[in-house]
Amino acid sequence: MANNMTDTITTPDTQNDSSATLAANGNIAGHSWFNRPVPGIKQQLSAPLTAVETEPSTECTSCHSMITNTALIFNCYVCPHCDHHLAMTARERLNWLLDQVDGELGQEFTAKDPLGFVDSKPYPQRMTEAQTKTGETEALIVFHGKLRNLDVVACAFDFRFMGGSMGSVVGDRFVQAAEKALKDRVPLVCFAASGGARMQEGILSLMQMARTGAAIERLRIAGVPYIVVLTNPVYGGVTASLAMLGDIHLAEPKAMIGFAGKRVIEQTVRETLEEPFQRAEFLLEHGVVDEVVHRHQMIDTIYRLLAKLCRQPNVDA
């Protein structure tokens with residue numbers, strides 16, 4: 001067909017277009033590093049924090065698991081992972097035991113420094129540091145109140161206070177607790193946790209062994225029940241006196257109980273003593289302890305024994 005149209009396909013002048021773009025935008029090659037988009041900071045996705053990471057927690061001394069303090073309180077300070085019984089303070093233990101606290105005994109007694117004793121630091125300074133650390137005035141706390149339908153006098157050692165050592169004030173408070181139990185004819189319960197007699201008071205601390213023993217004998221003659229719960233650890237003069245003179249001796253699992261420590265005995269008899277030497281289970285097998293009781297069953301066990309000994313109706317029956 002004869003016309004002015006052609007079958008030729010023309011292509012755009014890409015070279016001219018590129019030149020125009022360069023002219024419009026300036027020298028891009030020279031400024032491309034300045035005009036390029038800046039990559040954003042990628043937010044790292046992290047797992048939500050656990051309760052152990054957000055709440056005050058305590059490490060189990062047996063399995064080294066971290067447990068929140070709230071969980072420990074609800075579980076009676078027993079590790080939910082390995083069932084290890086962690087230490088309780090004296091005041092926590094007595095509040096845990098008693099359904100009703102009517103009063104506290106022995107706060108009027110204060111320690112003196114009759115020997116002017118100084119080792120690495122003066123005895124009054126050690127006392128001040130222990131009081132600041134624990135918030136208590138001495139190593140023994142005494143409450144009287146109710147355990148369900150029973151009136152009870154209960155005392156507990158606080159091992160944080162100079163290793164729960166027994167000085168003259170501890171002896172005074174225990175004797176006052178025994179006299180209160182004798183006067184009201186109500187049972188006495190003692191949670192023992194101690195390293196023994198307090199060396200800073202010399203023979204005065206050793207005299208407390210005889211004082212507490214005499215007070216317990218008065219309870220025995222009057223027929224007033226006295227139950228001892230051996231916790232971890234119980235050693236020295238406390239073991240040799242008030243901790244082994246109960247009508248019934250209960251112990252927490254794996255509690256260390258003895259007079260002298262394992263190392264001292266090994267050096268004396270020149271023999272190696274293997275586990276479970278001085279553990280509660282070992283003493284149960286050898287007749288020193290009447291029963292090893294898990295902490296979750298401890299209150300029920302104490303109550304049943306006291307109701308039986310006091311010839312009172314068991315409200316749980």
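Rings of Phe, Tyr and Trp (its six-membered ring) count as a pair if their centres lie within 6.5 Å, and a pair is called edge-to-face when the planes are over 60 degrees apart. By this criterion the structure, which is a predicted model, holds 2 aromatic pairs. The protein has 12 helices and 9 strands, and buried residues make up 39% of its 317 residues. Of the contacts with a separation of 6 or more, 66% are between residues 24 or more positions apart.

**Aromatic pairs**

- Phe174 and Tyr226 have ring centres 6.0 Å apart and planes at 75°, so this pair is edge-to-face.
- Phe174 belongs to helix α7 (residues 168–184) and Tyr226 to strand β7; the pair therefore ties together parts that are 52 residues apart in sequence.
- Phe174 is buried, with a relative accessible area of 0%, and Tyr226 also counts as buried, at 1% relative accessibility.
- Phe277 and Phe282 form an edge-to-face pair, with 5.8 Å from centre to centre and 65° between the planes.
- Phe277 has a relative accessible area of 18% and is buried, whereas Phe282, at 23%, counts as partly exposed.

**The sheet**

- Strand β3 runs antiparallel to strand β4 (residues 140–147), and 5 bridges join the two.
- Within this pairing, Gly103 has His144 in β4 as its bridge partner.
- Strands β5 and β6, by contrast, run parallel and are joined by 4 bridges.
- Opposite Phe191 in β6 stands Ala156.

**Strand β6**

- Strand β6 is mostly covered, as 7 of its 7 residues are buried.
- Leu188, Cys190, Ala192 and Ser194 point one way from β6, while Val189, Phe191 and Ala193 point the other way.
- The residues on both of these sides of β6 are all buried.

**Helices on the sheet**

- Two packed helices are described by the angle between their axes and the distance between the axes.
- For helix α5 (residues 90–97) and helix α12 (residues 295–309), the angle is about 55° and the axes are 11 Å apart.
- Helices α5 and α12 are therefore oblique to each other.
- On the α5 side, Arg93, Trp96 and Leu97 meet Arg295, Met298, Ile299 and Ile302 in α12.
- The contact of α5 with α12 comprises 5 nonpolar, no polar and 2 charged residues.

**Backbone features**

- Most residues other than glycine have a negative phi, and most peptide bonds are trans.
- The peptide bond from Asn232 to Pro233 is cis, with omega near -5°, and Pro233 lies in strand β7.
- Glu275 and Pro276 are likewise joined by a cis peptide bond, with omega about 5°.
- Pro276 is placed in the loop between α10 (262–269) and α11 (280–285).
- Cys76, a residue other than glycine, has a positive phi near 60°.
- Cys76 is located in the loop between α4 (69–74) and α5, and is buried, with a relative accessible area of 16%.
- Met162 is not a glycine, yet has a positive phi of about 50°.
- Met162 occurs in the loop between β5 and α7 and is partly exposed, with a relative accessible area of 22%.

Terms used: Residues are numbered from 1 along each chain as its sequence is written. This is a predicted model: local features need pLDDT of at least 70, side-chain atom pairs count only at pLDDT 80 or more; totals for chains, interfaces and linings use all residues. Side-chain values use heavy atoms; hydrogens and water are left out. Axes are lines fitted to C-alpha atoms, for helices over the stretch in contact, and angles run from 0 to 180 degrees between N-to-C directions. Angles under 35 degrees count as roughly parallel, over 145 as roughly antiparallel, 65 to 115 as roughly perpendicular and the rest as oblique. Contact means heavy atoms within 4.5 Å. Ala, Val, Leu, Ile, Met, Phe, Trp, Tyr, Cys and Pro count as nonpolar, Asp, Glu, Lys and Arg as charged, and the others, Gly among them, as polar. Two strands pair if DSSP finds at least two bridges between them. Rings of Phe, Tyr and Trp (its six-membered ring) pair if their centres lie within 6.5 Å; planes under 30 degrees apart count as stacked, over 60 as edge-to-face and the rest as tilted. Buried means under 20% relative accessible area, exposed over 50%, partly exposed in between (1.4 Å probe, protein chains only).
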